[in-house]
Amino acid sequence: MRKSIDAFAKSNKNTSQDINVDNIDNSADLDQVMKSSIDDTLAKENIFISNEYGIKLLACENFQSFLTLLHVGNSIVIYEITSDSSNHEMDRDIVLQLYISTFSCILLICMLFIRYWLEVKWHKAKNLSANIWIPLAVELAITTVGPQVFLKDVTYSEYVYDYDISVTYPVNNLLCCFVWVKLYVPIRTFLMTNKYTTPRAQRVCFLNGCNADLTFSFRSKFKESPNSILVTAFILSSLVCAYMLRIFERPLSEVSEQDFNPVWTAIWCVFVTMTTVGYGDVYPKSYGGRLLGVFMCLWGVLLVSLFVVTISDILEFDQSEKNSYILIKRLVYKEELRKSAAKLIVSKIIRLRQSKFEVKNTTDVKTNFLFRRHMLTFKRKKLEKRQFEDSNELIFLFKNADDIGEMLEEIEAKQKKLKKNQIKIFAAIKLFTDIAEHLENEENEV
């Protein structure tokens, strides 16, 4: 409870009521302080205004995601046009696409400022504080990354010592590589528009001392459908990394004799790298491609480990399946124990017959061997069955712990009631005794 109060106090710095946890003695006082503080905060929140700003914020977020996807598609078109060095008749199309990219960047920056302005208004309507400067600076830096018309003739040269050659990259092509980072905007929109970030979910989280933010939404979605999220993350990251790797390695296709012009070669290289297989048929040679390869290895190890954990959770029994499994195993071991006991009895009877008639030959040795083997089998089956019986008894106790607790409470209540009745009976007996003594004294006096 103290941790909940601390979390609530941190998320509620603008309320007029100060929460001093150190001066609170017991859990009842903690509950009372939390309830009064929550009631005060909810009373100050203007629900209609906060819902209005929340709707506007979601609309702005959706429009920003739409512009981001258009900007990413425009960057792909720019790279595919500029990478075709044999076609010199597309300069006008390249310039037009670069103007569109620059205009979309400016529009995204404007939408970014509008979004944060709405977010501040939304937090004020909910009587909460909002620290926007650091996220705004980071998103502003990411949003400005993209092909620009004024960088049309700017290039970057890199010397590759393995092949003794200098490679020149247009800066706009490299910016097309890093523009994929902007896909965080559609992902954020997906996390903001589910049932875990609704106004009702925010109030429920607020009452429990936490925030219905993007982290809570992601964890909730991952708990709900981990397989879908992992498969989507693996496919999406593979395609993005493959396109980025193709941008870095495509100029070295001729000298390295590894053709990265088809995108399938880059996808194959990414799959092999992310799964840490590493066949060695294709691999990155440029410095940017190798740096990307290090990231792909780390990201692939993380995804594969999450896949393993998810599969192990799928293969785990729930409580009802575990109880059924243990019961089936008990029945199976009971049947096997019966069969082994029957074999043990038969071998014992044969052994007694042979000892009675004093038959000593090779069959006697075989009979003793079979008897010992059946005895060991019987003991092993009995021990295994006992283990399942113990675990099933524990499961029964855990399953019926609540019922046992209620029965104990009822017995305790009955004992208290019997004790009260006993006290009343003793008081009545004492009263009757006193009356009898008083009457007896009066008779003696008479």
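1. The lining of the largest cavity is made up of 4 nonpolar, 3 polar and 1 charged residues, where Ala, Val, Leu, Ile, Met, Phe, Trp, Tyr, Cys and Pro count as nonpolar, Asp, Glu, Lys and Arg as charged, and the others, Gly among them, as polar. The residues concerned are Gln 64, Thr 68, Leu 108, Ile 142, Thr 143, Lys 182, Tyr 184 and Val 185.

2. This is a predicted model, in which local features need pLDDT of at least 70 and side-chain atom pairs count only at pLDDT 80 or more, while totals for chains, interfaces and linings use all residues. Residues are numbered from 1 along each chain as its sequence is written, and side-chain values use heavy atoms, with hydrogens and water left out.

3. The count comes to 1 cavity of 30 Å³ or more, and the largest cavity holds about 40 Å³ of space. A cavity is a set of points, on a 1 Å grid over the protein atoms alone, where a 1.4 Å probe fits but cannot get out, and its lining residues have an atom within 4 Å of a point; the volume is the space filled by probe spheres set on the points, which are joined across faces, edges and corners.

4. At least two lining residues of the largest cavity come from each of helix H3 (47–82), helix H5 (133–143) and helix H7 (184–192). Helices are DSSP runs (H or I, at least four residues) numbered from the N terminus.

5. H3 also packs against helix H10 (residues 226–249), at an angle of about 30° and with the axes 12 Å apart, which makes H3 roughly parallel to H10. Axes are lines fitted to C-alpha atoms over the stretch in contact, and angles run from 0 to 180 degrees between N-to-C directions; angles under 35 degrees count as roughly parallel, over 145 as roughly antiparallel, 65 to 115 as roughly perpendicular and the rest as oblique. Here Ile 76, Tyr 79 and Glu 80 of H3 meet Tyr 243, Arg 246 and Ile 247 of H10, contact meaning heavy atoms within 4.5 Å. By class, this contact has 4 nonpolar, no polar and 2 charged residues.

6. Helix H6 (residues 171–178) and H10 have axes that come within 9 Å and cross at roughly 160°, and the two are therefore roughly antiparallel. Asn 173, Leu 174, Cys 176 and Cys 177 of H6 make the contact with Met 244, Ile 247 and Phe 248 of H10, with 6 nonpolar, 1 polar and no charged residues.

7. For helix H9 (residues 214–224) and H10, the axes come within 5 Å and cross at roughly 110°, so these helices are roughly perpendicular to each other.

How values were computed: 1 Å grid on protein atoms, 1.4 Å probe; cavity = no way out; pocket = protein on both sides within 12 Å on 5 of 7 lines; lining within 4 Å.
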